[in-house]
Amino acid sequence: MSNKNNNMGELNAPTTMSRKSFLRLSVGVAAAAGLGSLTGCSNNGRALRFESLNDALVELALIENNLDTLEMQQEWSLYKVLNHLAMTAEGALYGFPENDPPATQAINKIGFNAFVAQGFMSHDLAAPVPGPEIPDDGPLPEAFLRIRNAISDFQNFTGELYPHFAYGNLTYDQWELANAFHIADHFSSLTY
């Protein structure tokens, strides 16, 4: 499988890794993940922090009610951002067309745990998730509906969740945090 969607860059390691090498790499990744929060490094200006998808729904309503003054401080259009966020939430319910290799997921999971420990995520806002390419523009009402439906479907889902393409298996609570943090990071770069 391709590793092109890995936010941490391509990992050109052998398919097997000694425990000692894995631990060294893990410590380095965890330290790098935490470094952004220690230095104040961020992809955004508002630094939103969502503890749940309900927080995301509140901000989504504010964005929708302030479209005439909305400013984007990221490469993507609002249409593309909303669909990207919906695709990620939908991935928990329906899976992704491809996943990072297990060794990469294990390393990424350490980064995810660092995000959980600090209470927010900071990531490359132009990194796609596996799936069809999202066009730059389209009808915003459809994009708002899609993200709302994805969140509602997730909140009402009682079945077994699919693995996250980058983090691997997550509990329901971890999936909710992953989605809430992801949405908060993208919405932090929107001002109105």
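The structure is a predicted model, in which local features need pLDDT of at least 70 and side-chain atom pairs count only at pLDDT 80 or more, while totals for chains, interfaces and linings use all residues. Residues are numbered from 1 along each chain as its sequence is written, and side-chain values use heavy atoms, with hydrogens and water left out.

The chain contains six helices and two strands, where helices (H or I, at least four residues) and strands (E, at least two) are DSSP runs numbered from the N terminus. Along the sequence these elements follow the pattern α-α-β-α-α-α-α-β. Of the 192 residues in the chain, 43% are buried; the term buried means under 20% relative accessible area, exposed means over 50%, and partly exposed lies in between, with a 1.4 Å probe and protein chains only. The chain exposes about 9900 Å², of which carbon and sulfur atoms supply 54%, accessible areas being taken from the Shrake-Rupley method with a 1.4 Å probe and, for residues, with only the protein chains shown counting as cover. Among contacts with a separation of 6 or more, 85% join residues 24 or more positions apart, a contact being defined by heavy atoms within 4.5 Å.

Helix α6 covers residues 172-187. Its 16 residues should span 22 Å at 1.5 Å a residue, and its end C-alpha atoms are 22 Å apart, which agrees; the expected span is 1.5 Å times one less than the number of residues in the helix. This helix is mostly covered, since twelve of its 16 residues are buried, including W175, N179, I183 and F187. The buried residues of α6 pack against α2, α3 (78-94), α4 (102-118), α5 (140-155) and β2 (190-191). Two positions illustrate this packing. I183 is buried, with a relative accessible area of 3%, and, leaving aside residues up to four places away in sequence, I183 touches F50, L53, A56, L85, I147 and I151. The C-alpha atoms of I183 and A86 are 9.4 Å apart in space, although the two residues are 97 residues apart in sequence. N179, also found in helix α6, is buried with a relative accessible area of 2%, and with the same exclusion of residues up to four places away N179 touches L53, T88, A89 and F154.

A search of the whole structure finds four aromatic pairs; rings of Phe, Tyr and Trp (its six-membered ring) pair if their centres lie within 6.5 Å, and planes under 30 degrees apart count as stacked, over 60 as edge-to-face and the rest as tilted. The rings of F96 and W175 have centres 6.4 Å apart and planes at 15°, so this pair is stacked. Because F96 lies in the loop between α3 and α4 whereas W175 lies in helix α6, the pair ties together parts that are 79 residues apart in sequence. Both F96 and W175 are buried. The rings of F154 and Y172, with centres 4.5 Å apart and planes at 15°, are likewise stacked, and this pair joins helix α5, which holds F154, to helix α6, which holds Y172, across 18 residues of sequence. F154 is buried at a relative accessible area of 0%, whereas Y172 counts as partly exposed at 29%.

Side chains of opposite charge can pair when their charged atoms come close. The structure holds four salt bridges, each defined as a side-chain nitrogen of Lys or Arg within 4 Å of a carboxyl oxygen of Asp or Glu. In one of them, R46 and E59 have their closest N and O atoms 2.8 Å apart; R46 lies in the loop between α1 (19-39) and α2, and E59 lies in helix α2, 13 residues apart. R46 is partly exposed, with a relative accessible area of 28%, while E59 is buried at 7%. The side chains of E64 and R148 also meet in a salt bridge, at 2.6 Å from N to O, and this pair links helix α2 with helix α5, its residues being 84 residues apart.

On the surface, V58, L62 and Y192 form a nonpolar patch with about 250 Å² of accessible area together. Patches are made of residues with over 30% relative accessible area and no salt bridge, like charges being joined within 9 Å and nonpolar side chains (Val, Leu, Ile, Met, Phe, Trp, Tyr) within 5 Å. V58, in helix α2 (residues 53-65), counts as exposed at 53% relative accessibility.
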